[in-house]
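Biologist: I am new to this one. Could we look at it together and go through the terms you use for it?

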There are 2 protein chains.
Amino acid sequence: MHHVVIVGGGFGGLYAAKQLGRLGRSVRVTLIDKRNFHLFQPLLYQVATGGLSPGDIASPLRAVLRHYSNISVIQSEVFDIRVSDKTVVLKEGEVTYDTLILSAGVSHSYFGNEQWQKYAPGLKTVEDALDIRHRVFQAFEKAEQAKSDSERMAWMTFVLVGAGPTGVELAGAVAELAFATLVKDFRNIDTKKTKIILLEGADRVLPPFAEGLSDKAQKSLERLGVQVQTKAMVTDIQADCVVYKKEDAEYTIATHTVLWAAGMKASPLSAVLKRETGAELDRQGRVVVAPDLSVPQYADILVIGDLACYQHQGERPLPGVAPVAMQMGRYAACLIRNRIKGHKSKPFRYVDKGSLAVIGRNAAVADLGFIKFSGFFAWFAWVFIHIAYLIEYDNRLLVLFQWAWNYVTRKRGARLITGKVDG
Amino acid sequence: MHHVVIVGGGFGGLYAAKQLGRLGRSVRVTLIDKRNFHLFQPLLYQVATGGLSPGDIASPLRAVLRHYSNISVIQSEVFDIRVSDKTVVLKEGEVTYDTLILSAGVSHSYFGNEQWQKYAPGLKTVEDALDIRHRVFQAFEKAEQAKSDSERMAWMTFVLVGAGPTGVELAGAVAELAFATLVKDFRNIDTKKTKIILLEGADRVLPPFAEGLSDKAQKSLERLGVQVQTKAMVTDIQADCVVYKKEDAEYTIATHTVLWAAGMKASPLSAVLKRETGAELDRQGRVVVAPDLSVPQYADILVIGDLACYQHQGERPLPGVAPVAMQMGRYAACLIRNRIKGHKSKPFRYVDKGSLAVIGRNAAVADLGFIKFSGFFAWFAWVFIHIAYLIEYDNRLLVLFQWAWNYVTRKRGARLITGKVDG
């Protein structure tokens, strides 16, 4: 029986697995992930800002796949691949494949300034989100107890680096916290005086979107109280400040809370793949794939999701977003089915249903290609599309419920400072 | 204005604060807690077993108290008290009081075997619950990948030390996991073969309850698949086994997962209080209080909740449970109000509305004094009483919703393995 090994249970890997699960007996699937759950990353910023709990946006992989008896799940980390004998290597042993689907994703990159990580965490994992939640809420606590005005203001200043969707969403959510949720909670500080600064190296926010929408997004952010600085290149981050350059001048912001939403780099498995197959990697280390998502000359290895660099006829590579990964996952499964049946497959083609980014309460931008819009309806669309794509039915109900509640009350109940108690 | 400092935002401290908050301008209150949230401890075992998320049972202290303008919250840890100038000492500075309410609670005790802590975590904090959740779900993952039968069985064996309410609840919840929730999730192991062993030093489970109910609880546990060993004294815990003595014989259980629900010791602040006031401490380090909950000879220091040892006319001390702490908190607030008004107060009297302990789905025991019952109705009462006492309305709705969903589907969606990824 044809054995498919999938590495990574994100959107790409999980959608491939589910599709292959439906094939029943003609194929056997092993899904390997270092975590025991699928994470709905588009809502992770809500965990980071106390609106949702990690359990609300995570689905246990075993629970999602339990009814597919041809699928096994292994919770482990793949640290090597041997193409010569079609084997992936885990700590606990080895697994051989007939077809390998690599969907191991990406993590943050600090562009060679890894020392910044300590002061400016990124938002990729549940632990990242809880770390950010800790820092954000601890900052207000520290401000409440600050001994001087300058110390207080440094704790009440939040800097977000990178104005892609994650940076914009985080900025909007922190603004809502400071200017609505927390206004009555403190006695020594006025949270309405919080400074939220969004730094972006490009000349506009949400660079992947159409220009008009970038303008609208920036105006919405400013209405929420976020200060936006474009063409701002961060040159240093320390425990108590961020330094950036803009038009040849250098600026320093006194702050204790910097959140990183700027760069990313591929999973180390892409380097392994390069060593084994000579595959080409792009600047971020993503694997440049053939039109059928396979590694050139290695038809039995498919790379999907954020780890794949897929260039359709010289266009710019597809972005690392959930809809791309889902479609790649389904395509990979169909490709394998066709191969088993001896059928040909067409090249992968991404059907772009549009882009959406949320900014804050009632504010979002939508770019559906044929139409662009913003404001309440874009926000409404964003909320419902995100809830609809949550993997499990119970997550959907829970998040819908929690969201409606948070919307009406403007509360954020999950604002626990956990982990190490002092920060 | 009379200044009340409350140390600890558990049931005792929070109920005292809310009551004092209603007095408005006649009193000023400062609540100090090292955490920024109140934790609904009676449901913590649900977090430890993946049924609820920490956010569901935590309420931000500032949010709960925001409408009382006479209450300030400080997130910090009190590490010293100076009675001579009525001062509590924090890392960040000092706070003086007119009346001090000490409700700093208790933590686990390993009866001098602190080296067991590493292998057998207790269940007091959110971090404890996530640690236990990690261990329990990781154990099944390890069993799935085990190389030998003995290794597999050691991962599929769970030992709970202590058959008080927490031990019984955890045992029942792990049994539900193994024998219902997870049965279809694994390919190499049959979770129905899981061993769950509850060790209790006394001669029956739930020692504080009436004997007939202990029998019923034990039978319910056995029906759920839990092996109960009473009169079993644990003599050693290691990474791969638990050793216990029973009737002069010694037994060793091969296991990697031991959960501790046996002993407790008072907050270190009770020792500080002894040094400062000469207060008497009981064996667990709790402060023996006067009939009005004050420290003898120090009318301006009240000790409430689990930290207080209150003996009513030679009866045995009140147990460290939420209803006692709540009533003590309200009493302390009324005492202070009466003093300010120059009125006398009656001694504290605990109104025992009964004890309830849940064992598992549809199974609980209830001892209301005048009536004892068990089974479905006790379980139903337990669920609704616990939900009703959740501090915030949104927690109540969420937990009710999540609970109903878990009940119908037998799912436990919050079973994330988080923290350090390998265990």
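Modeller: This is a predicted model. B:R66 forms a salt bridge with A:D185.

Biologist: What makes the pair B:R66 and A:D185 a salt bridge?

Modeller: The closest N and O atoms of B:R66 and A:D185 are 3.2 Å apart. The rule asks for a side-chain nitrogen of Lys or Arg within 4 Å of a carboxyl oxygen of Asp or Glu, so the pair qualifies. The count between chain B and chain A is 4 salt bridges.

Biologist: Which elements of chain B give two or more residues to the side that touches chain A?

Modeller: They are β4 (58-60), α3 (61-65), β5 (71-75), α4 (126-144) and α11 (393-409) of chain B. The largest share, 7 residues, comes from α11(B). By kind, the residues on that side of chain B divide into 22 nonpolar, 15 polar and 19 charged.

Biologist: How is the size of an interface given?

Modeller: Often as the accessible area lost when the parts come together. Here chain B and chain A bury about 4,900 Å² between them, with 48% of that on carbon and sulfur atoms. In chain B, the residues that lose the most area to chain A are B:R62, B:R66 and B:R187, together 15% of what that side buries.

Biologist: What is B:T257 in contact with, leaving aside its neighbours within four places in sequence?

Modeller: With B:R135, B:A139, B:T157, B:F158 and B:V159.

Notes
Residues numbered from 1 in each chain as written. Chains lettered and ligands numbered in written order. Predicted model: local features only at pLDDT ≥ 70, side-chain atom pairs only at ≥ 80, totals over all residues. Heavy atoms only, no water. Buried area = accessible area lost by both parts, 1.4 Å probe. Helix = DSSP H or I, 4+ residues; strand = E, 2+ residues; numbered from the N terminus. Nonpolar A, V, L, I, M, F, W, Y, C, P; charged D, E, K, R; others polar. Contact = heavy atoms within 4.5 Å.
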